[in-house]
Amino acid sequence: NLHGFPAGPVDGIPGKRTASAVKHYQEAYAGGEDGRPLLVVDGILGPATSEALDDPPDLSAHFTTGEFASKGNGNCFVRRELILALEQLRALINVPIPIVSGYRDPRHNRRVGGATRSLHMAGAAADLGRSLNIDRDWLIGQGLFSGIGYLQQTRRVTHVNVRHAIGRGKTTARPQTWKYPE
């Protein structure tokens with residue numbers, strides 16, 4: 001509950017909500033800073049998942065649940081594929097990647113004017129800090145993301161997604177791209 005994976009009231013009884021919360025955590029976990037392996041997504045709080053939970057709020061070596069939690073209800077439903085691609089990008093550019101917006105619950109997505117089928121609501125998208133100065137064409141060439149939004153004039157990337165991971169078409173080899181006004 002504390003880190004954005006709602007399991008309901010703390011009552012010591014592992015029920016459906018607990019299994020759902022564990023599954024969401026397993027789907028998000030991309031290996032810890034100490035090189036822990038990816039988790040099997042089964043909703044079972046086994047030894048590997050329990051060990052990973054010892055170091056919350058880490059989702060990977062450089063990203064935490066707080067960076068991806070909805071600014072609305074605080075939940076953190078994010079896809080592992082997104083975290084892994086962002087880790088690869090961070091390794092390439094060798095600087096921290098500020099996450100402006102990760103998961104958005106439906107109500108928060110409406111409040112910020114997000115698309116009706118926003119990939120943020122599927123945990124498959126992230127808005128990046130504008131300070132990064134990542135060129136659109138360079139990022140396309142890296143083959144990490146299947147969706148890239150960029151500023152029209154400077155071509156700086158401000159949005160990435162892994163739409164391929166949730167069956168919404170496109171591939172990392174031929175990502176969908178679009179422009180935002182500056």
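Gly149 stands opposite His159 of strand S4 in this predicted model. The strands concerned, S3 (residues 147-151) and S4, run antiparallel and are joined by 4 bridges.

- All of S4 (residues 157-161) is buried, 5 residues of 5, so the strand is largely enclosed by the rest of the structure.
- S3 and S4 form a hairpin, with 5 residues between the two strands.
- Within the turn of this hairpin, Arg155 has a positive phi of about 65°.

- The open sheet is formed by 5 strands in the order S1-S2-S4-S3-S5, and its pairing is mixed.
- Strand S1 (99-101) and strand S5 (176-180) are the edge strands, each of which pairs on one side only.
- From one strand to the next, the twist averages 25°.
- Helix H4 packs on the sheet and touches S1, S2 and S4.
- The direction of H4 makes about 35° with that of S2.
- Strands of a sheet pair through backbone hydrogen bonds, in either a parallel or an antiparallel manner.

**The nonpolar core**

- The largest nonpolar core has 35 residues, of which Phe68, Leu86 and Phe145 touch the most other members.
- With 5 residues, H4 gives the most to the core.
- Apart from neighbours within four places in sequence, Leu86 is in contact with Phe63, Phe68, Ile97, Ile99, Ala126, Leu128, Phe145 and Val160.

**Helix H1**

- Helix H1 (residues 16-28) has 13 residues and reaches 18 Å from its first C-alpha to its last, close to the 18 Å expected at 1.5 Å a residue.
- The buried residues of H1 are Ala21, Val22, Tyr25, Gln26 and Ala28.
- Seen down the helix axis, the buried residues of H1 fall within an arc of 165°, so they line one face of the helix.
- These buried residues pack against helix H2 (47-52) and helix H4 (80-93).

**Gly169 in the loop between S4 and S5**

- Gly169 lies in the loop between S4 and S5.
- The relative accessibility of Gly169 is 38%, so this residue counts as partly exposed.
- Leaving aside neighbours within four places in sequence, Gly169 is in contact with Arg163 and His164.
- Gly169 and Ser146 are 23 residues apart along the chain, and their C-alpha atoms are separated by 8.3 Å.

Notes:
Residues are numbered from 1 along each chain as its sequence is written. This is a predicted model: local features need pLDDT of at least 70, side-chain atom pairs count only at pLDDT 80 or more; totals for chains, interfaces and linings use all residues. Side-chain values use heavy atoms; hydrogens and water are left out. The expected span of a helix is 1.5 Å times one less than its number of residues. Buried means under 20% relative accessible area, exposed over 50%, partly exposed in between (1.4 Å probe, protein chains only). The arc is that of the directions from the helix axis to the C-beta atoms. Contact means heavy atoms within 4.5 Å. Two strands pair if DSSP finds at least two bridges between them. A nonpolar core is a set of buried Ala, Val, Leu, Ile, Met, Phe, Trp, Tyr and Cys residues joined through side-chain atoms within 4.5 Å. Axes are lines fitted to C-alpha atoms, for helices over the stretch in contact, and angles run from 0 to 180 degrees between N-to-C directions.
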